[in-house]
Amino acid sequence: MTATKPIKYPHTDNFKSVIYEVKKQSSSSSKLPTLKFIGTTKIHGSNHSWKFDAINETLEVQSRNNILNEKLDPFGFYSFSISIHNQIKPILQRIAISTNSKMVVLYGEWAGKGVQKKVSISEIEPKVFIPFAIKLDDRMIDSIELLELFNEQLEFLNQNQIWIVASNYRDWE
């Protein structure tokens, strides 16, 4: 695994920031638009990801700010990733091929005993990785597309502490 810079998951604005921006961009005489929001469950773990470079065929393990290695292994995510490296790399490689992507980054929360305190998911043993987004080159995709991409691998993922959770919010009104 070659170390490069991590590709961070983009900042998620809170509700207050969105309202501020809408008001700022609207004229004072116009009626404010009606906005639709989709709520998702916050998994209180630690943000981690796998970054697959299809050109060099390399897989890197990342936290939010660092490329991880055996010396930098917060909460054991690097060790977990190494233990399933030979299974996860081909999955991400197939996704890169099927979507014609040069870079695939699978973002998720690493959660379980010892990761956070005072939240119920911190009692789960063994720890689990719960993907919430995937970036294909410069395109972020939603949880339904994520589920569709991993459909063939769901049994492997579920047996190896990787939970794919998706909400079909496309039909919500």
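**A first look around**

Analyst: Let's start with Thr4, which counts as partly exposed because its relative accessibility is 44%. Before we go on, please keep in mind that this is a predicted model.

User: Thanks! Where is Thr4 found?

Analyst: Thr4 sits in the segment before α1, the helix that covers 15-25.

User: And which residues is Thr4 in contact with, leaving aside its neighbours within four places in sequence?

Analyst: Those are Lys51, Glu60 and Ile67.

User: What do Glu60 and Lys51 form with each other?

Analyst: A salt bridge, with the closest N and O atoms 3.0 Å apart. Glu60 counts as buried because its relative accessible area is 3%. Lys51 is buried as well, at 5% relative accessibility.

User: How many salt bridges are there?

Analyst: The count comes to three. Another one of them joins the side chains of Glu123 and Lys113, at 3.0 Å from N to O. Glu123 and Lys113 both lie in the loop between β3 and β4, so this pair ties together parts that are ten residues apart in sequence. Lys113 is partly exposed, with 38% relative accessibility.

User: Which side chains meet at 3.7 Å, N to O?

Analyst: Lys24 and Glu21 do, in a salt bridge. Both residues belong to helix α1 and are three residues apart, about one turn of the helix. Lys24 is exposed, with a relative accessible area of 52%, whereas Glu21 is partly exposed at 31%.

User: Let me zoom out. How many helices and strands does the protein chain have?

Analyst: Five helices and five strands. Along the sequence, their order is α-β-β-α-α-β-β-β-α-α. The chain has 173 residues, and 35% of them count as buried. Looking at contacts between residues at least 6 apart in sequence, 64% join residues at least 24 apart. The protein chain exposes about 10,900 Å², with 50% of that supplied by carbon and sulfur atoms.

User: Now the inside. Which residues touch the most other members of the largest nonpolar core?

Analyst: That core has 26 residues, and Trp50, Ile88, Leu92, Ile134 and Phe150 touch the most other members. Several elements each supply at least two residues of this core: β1 (46-53), β2 (58-63), α2 (77-83), α3 (85-99), β3 (103-111) and β4 (128-136). The element that gives the most is α3, with five residues.

User: What about Ser63, buried or exposed?

Analyst: Ser63 counts as buried because its relative accessible area is 10%. Ser63 is in strand β2 and, not counting residues up to four places away in sequence, touches Pro6, Asn47, His48 and Leu68.

User: Last topic: the backbone. What is the phi of Glu57?

Analyst: Glu57 has a positive phi of about 55°, although it is not a glycine. Most residues other than glycine have a negative phi, and most peptide bonds are trans. Glu57 lies in the loop between β1 and β2 and is partly exposed, with a relative accessible area of 43%. Phe75 has a positive phi too, near 60°. Phe75 lies in the loop between β2 and α2.

User: And which peptide bond is cis?

Analyst: The one from Glu125 to Pro126, with omega near -5°. Pro126 is in the loop between β3 and β4.

Conventions. Residues numbered from 1 in each chain as written. Predicted model: local features only at pLDDT ≥ 70, side-chain atom pairs only at ≥ 80, totals over all residues. Heavy atoms only, no water. Core = buried A, V, L, I, M, F, W, Y, C linked by side-chain atoms within 4.5 Å. Buried < 20%, exposed > 50% of the residue type's maximum accessible area, 1.4 Å probe, protein only. Helix = DSSP H or I, 4+ residues; strand = E, 2+ residues; numbered from the N terminus. Contact = heavy atoms within 4.5 Å. Areas by Shrake-Rupley, 256 points an atom, 1.4 Å probe, with all protein chains shown as cover. Salt bridge = Lys/Arg side-chain N within 4 Å of Asp/Glu carboxyl O.
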